[in-house]
Amino acid sequence: MTLGKSRKMVQAAVLKQILRRCSSLGSKHGQDGGHPVDVPKGHFAVYVGENRSRHVVPISFLAHPEFQILLQRAEEEFGFDHDMGLTLPCEEVAFRSLASMLR
């Protein structure tokens, strides 16, 4: 197995873990069906900026290298084991710009 293929498999496993974590947040807070009511299927919520503003983004963002870099930084800075949800270390303006490019 090549190094690139191995790295992609590890990234896929990490992304699945993140999605499981994000989708389980709703049930912890007593929301309907284990998912937050305002998050449509195929999307998940992230928190960005100093005020931790909430953004609902499509799962397809997980496939983009720019978003994966944010996820790696989030894991290093905050970890994924906390009740706040997926918090990204990014200014809100920069995140909005990235999100508009990825859509």
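**Salt bridges and a helix side in a predicted model**

Arg96 and Glu92 join in a salt bridge, their closest N and O atoms lying 2.7 Å apart, in a model that is predicted.

Student: Why is the pair of Arg96 and Glu92 called a salt bridge?

Tutor: The term asks for a side-chain nitrogen of Lys or Arg within 4 Å of a carboxyl oxygen of Asp or Glu. The closest N and O atoms of Arg96 and Glu92 are 2.7 Å apart, and a separation within 4 Å is what the term requires, so the name applies. In general, side chains of opposite charge can pair when their charged atoms come close.

Student: Where in the chain do Arg96 and Glu92 lie?

Tutor: Both belong to helix α3, which spans residues 92-102, and they are four residues apart, about one turn of the helix.

Student: How many salt bridges does the structure hold?

Tutor: There are two. The other one to look at joins the side chains of Arg54 and Asp38, with N to O at 2.6 Å. That pair links distant parts of the chain, since Arg54 sits in strand β2 (residues 53-58) while Asp38 sits in the loop between α1 (3-28) and β1 (43-48), 16 residues apart.

Student: What makes Arg54 and Asp38 count as buried, exposed or partly exposed?

Tutor: Buried means under 20% relative accessible area and exposed means over 50%, with partly exposed in between. Arg54 has 33% relative accessibility and therefore counts as partly exposed, and Asp38, at 47%, is also partly exposed. Glu92, with a relative accessible area of 26%, is likewise partly exposed.

Student: What makes the buried residues of α3 lie on the same side of the helix?

Tutor: The buried residues of α3 are Phe95, Leu98, Ala99 and Leu102. They cover an arc of only 100° around the axis, and therefore they are on the same side of α3. On the other side of α3, Val93, Arg96, Ser100 and Met101 are exposed.

Student: What covers the buried residues of α3?

Tutor: The cover includes strands β1 and β2, helix α2 (65-77) and strand β3 (86-88). Helices α2 and α3 pack at an angle of about 145°, with their axes 10 Å apart. Glu66, Phe67 and Leu70 of α2 make this contact with Phe95, Leu98 and Leu102 of α3. By class, five of these residues are nonpolar, none is polar and one is charged.

Student: What is the order of helices and strands along the sequence?

Tutor: The protein chain has three helices and three strands, and their pattern along the sequence is α-β-β-α-β-α. Of the 103 residues in the chain, 35% are buried.

Student: How do you know where the coordinates should be read with care?

Tutor: The protein chain averages a pLDDT of 78, and 63% of the residues score at least 70. Over residues 24-31, however, the pLDDT is below 50, and this stretch has 15 contacts in the model beyond near neighbours in sequence. Where pLDDT is low, the predicted coordinates should not be read in detail.

Terms used. Residues numbered from 1 in each chain as written. Predicted model: local features only at pLDDT ≥ 70, side-chain atom pairs only at ≥ 80, totals over all residues. Heavy atoms only, no water. pLDDT = per-residue confidence, 0-100. Contact = heavy atoms within 4.5 Å. Helix = DSSP H or I, 4+ residues; strand = E, 2+ residues; numbered from the N terminus. Buried < 20%, exposed > 50% of the residue type's maximum accessible area, 1.4 Å probe, protein only. Arc of directions from axis to C-beta. Axes fitted to C-alpha atoms, helices over the stretch in contact; angles between N-to-C directions. Nonpolar A, V, L, I, M, F, W, Y, C, P; charged D, E, K, R; others polar.
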